[in-house]
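Please open the model in your viewer and keep the selection panel at hand.

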Amino acid sequence: MANQFLIKNTMQDMKNLSAIEIDGLKGNNPIYAGVELLGYYEKGDTPESIIYYYVDMENEQDPGPSDDASIVEISGNKLVHKFLDRLHVQYFGVSDMLPDNTSKLNKCIAYADTNNLIIIIPNNGNAKYMFNGSINILANTKIIGNKSYLTYSGDDVFIKCKGTATKYLYPNIQDLIIEKLNRDNIGIGMHVTYTRNNGQFTNITYVGWDLAVKYGDNLELSFLSTFSHCRFTNNKKGIVLLKESNGVTIERCFFDNNSEYAIAVTQRASSINILNCELENNGRQAGGCAILLDEAQAVLIQGNYCENNGFTDGLSPIIKFSSDTGLDTIGVFITNNYFNVGTVNSEGKIGIQPYKTQDLYIGNNRFYGTTHSWDIDFSLGSNTKIQGFGNSFSSTSKINLPAASLSGLLYDATNNQFYGTQLKLYGNNTKLVLTDRQNNNSSATIDLLNDRLRIKNQADIIFSQFDGKTKTVRIPITYVANSGLPATPYADGELAFDTTGDILRIAKNGEWKAVNTDATLIKRGIVYQAAAVADTTNVPSTTYAQSEVHGILTELRELKATLRIAGILAT
């Protein structure tokens with residue numbers, strides 16, 4: 001008789017076992033071997049039926065309090081089921097029909113952590129699992145979804161990956177959509193602290209959060225974790241890596257329409273890798289950006305595709321360095337990325353804007369865009385050891401190197417390709433030094449002094465064809481102006497264009513000599529086109545009349561007058 005099972009359709013049915021049915025589970029010769037449960041809320045709503053066994057409390061150890069899943073208490077009696085390998089949340093009563101699944105999922109996580117199980121959250125079509133409280137990730141929590149929707153309506157942190165100084169977390173969470181129902185309420189999608197040794201967050205989509213992921217906090221150590229193939233969309237802030245975050249990798253993630261920023265690395269967070277991500281339409285508010293670096297250390301930004309990020313206020317670049325009063329950002333490598341500052345309403349946008357930065361390397365990137373302000377803007381100053389190499393700039397690219405930022409700045413522009421790029425240096429006495437050696441030997445200087453552009457070189461300045469083989473011309477030009485005429489020349493041979501009379505002048509013996517003077521009787525020069533002279537006489541007859549001769553003479557006099565005015569005929 002004990003080889004048969006008492007069959008119940010739902011958890012509530014099992015909780016309503018009668019005294020006779022419970023007695024049938026007891027004793028050395030029970031009527032029923034256990035209870036077979038066919039569903040939780042209704043028959044068939046769990047992946048398969050499971051068997052519960054009666055616990056003899058007089059002779060067996062108490063399994064613990066009821067969690068309405070692995071342990072079920074009925075009138076002081078307890079039934080247990082041992083889940084193995086993979087634990088589907090339906091067995092703990094998690095359902096897309098409930099208004100709040102917080103308590104049930106936390107019980108499921110606690111059981112899975114103790115028994116080292118993988119939690120499965122299925123995708124039920126367009127259905128969403130609703131939560132009003134926080135989910136607590138434990139030491140070895142592993143959750144796998146299938147683009148399963150978890151919707152949060154509370155005001156606190158939704159998923160708390162918070163270990164302790166003596167108990168680190170090793171979470172593995174995959175394939176979920178974590179949604180904030182009302183972003184007006186301050187909320188954090190995921191708070192990660194004391195997490196280490198390759199914590200994995202994969203294929204997670206964060207939607208509608210004030211802050212999607214907060215990683216590390218104060219002195220709570222969090223490191224060696226990876227966010228892979230995650231999506232951050234329509235949040236105010238994407239992911240922020242705080243103090244003591246170390247060795248965090250964000251790879252192949254997609255960030256779009258995060259209004260303030262997509263990624264922030266702050267407060268001495270170090271060894272951060274942002275790899276092969278796609279960032280589009282982030283930082284689209286005043287002061288926003290795609291990536292914020294503030295007191296960061298050892299950051300690698302590599303292989304990312306960045307398009308149409310930043311705001312048009314000139315203060316919202318794609319990559320923004322910010323630390324007005326704090327420590328410098330040290331050791332940032334920005335390599336092999338594609339930066340399209342923006343093709344629509346992009347005037348005022350900036351690509352990379354270093355500030356208070358040491359050891360910044362910008363290499364092998366491609367900059368592209370239209371009508372924007374700067375691809376690289378050093379105008380904020382306070383940068384040292386900046387190196388740029390192997391970058392490609394489009395015909396609309398611009399680099400801003402103001403005098404204020406050049407103090408202590410080493411900008412190595414090795415093998416960069418510029419296609420019609422604007423390189424703007426502003427400020428009086430601003431200099432651009434071109435040299436083939438770091439000790440400035442064999443160098444040329446281009447500077448701006450008293451509104452004059454000067455080109456100085458130790459030897460001749462050579463203008464030649466691109467191949468440098470033929471038609472080489474040496475012109476010792478020291479000054480060229482295109483608006484107005486300086487009061488005195490800087491040096492003999494200086495050229496200036498006098499816009500008042502449209503006259504090209506050259507300096508000789510401390511005076512300006514006009515190159516293009518008016519013509520004289522013995523000297524070629526400038527003349528004007530003669531004014532039009534109308535035909536006033538009639539077509540002559542066979543025999544000239546006195547009036548016709550008089551008309552011809554009149555026209556000749558008018559012609560001579562107009563030629564004198566034009567400067568063609570001497571007066």
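Is Phe-92 buried or exposed? Phe-92 is buried, its relative accessible area being 1%; buried means under 20% relative accessible area, exposed over 50%, and partly exposed in between, with a 1.4 Å probe and protein chains only.

Before the next selection, note that this is a predicted model, in which local features need pLDDT of at least 70 and side-chain atom pairs count only at pLDDT 80 or more, while totals for chains, interfaces and linings use all residues. Residues are numbered from 1 along each chain as its sequence is written, and side-chain values use heavy atoms, with hydrogens and water left out.

**Aromatic pairs**

The structure holds 16 aromatic pairs. Rings of Phe, Tyr and Trp (its six-membered ring) pair if their centres lie within 6.5 Å; planes under 30 degrees apart count as stacked, over 60 as edge-to-face and the rest as tilted.

Select Tyr-40 and Tyr-41, which form an edge-to-face pair with 4.9 Å centre to centre and 65 degrees between the planes. Tyr-40 is buried at a relative accessible area of 7%, whereas Tyr-41 is partly exposed at 39%.

Next, select Phe-83 together with Phe-92: their pair is tilted, with 6.1 Å centre to centre and 40 degrees between the planes. Phe-83 is buried, with a relative accessible area of 4%.

Select Lys-128 and Tyr-149. The charged end of Lys-128 sits over the Tyr-149 ring, 4.7 Å from its centre; the criterion is NZ of Lys or CZ of Arg within 6 Å of the ring centre and within 35 degrees of the ring normal.

Proceed to Met-130, in strand β8 (residues 128–131); strands (E, at least two residues) are DSSP runs, numbered from the N terminus. Met-130 is partly exposed, with a relative accessible area of 22%. Its contacts (heavy atoms within 4.5 Å), not counting residues up to four places away in sequence, include Leu-98, Asp-100, Thr-151 and Leu-181.

**Strand β20**

Finally, select Ser-245, in strand β20 (residues 245–246). Ser-245 is buried, with a relative accessible area of 0%. The Ser-245 side chain reaches the backbone oxygen of Tyr-215 at 2.8 Å.

Methods
Helices (H or I, at least four residues) and strands (E, at least two) are DSSP runs, numbered from the N terminus. A polar contact is a pair of N or O atoms within 3.5 Å; within protein, one must be able to donate a hydrogen and the other to accept it, and residues adjacent in sequence count only if both atoms are side-chain atoms.
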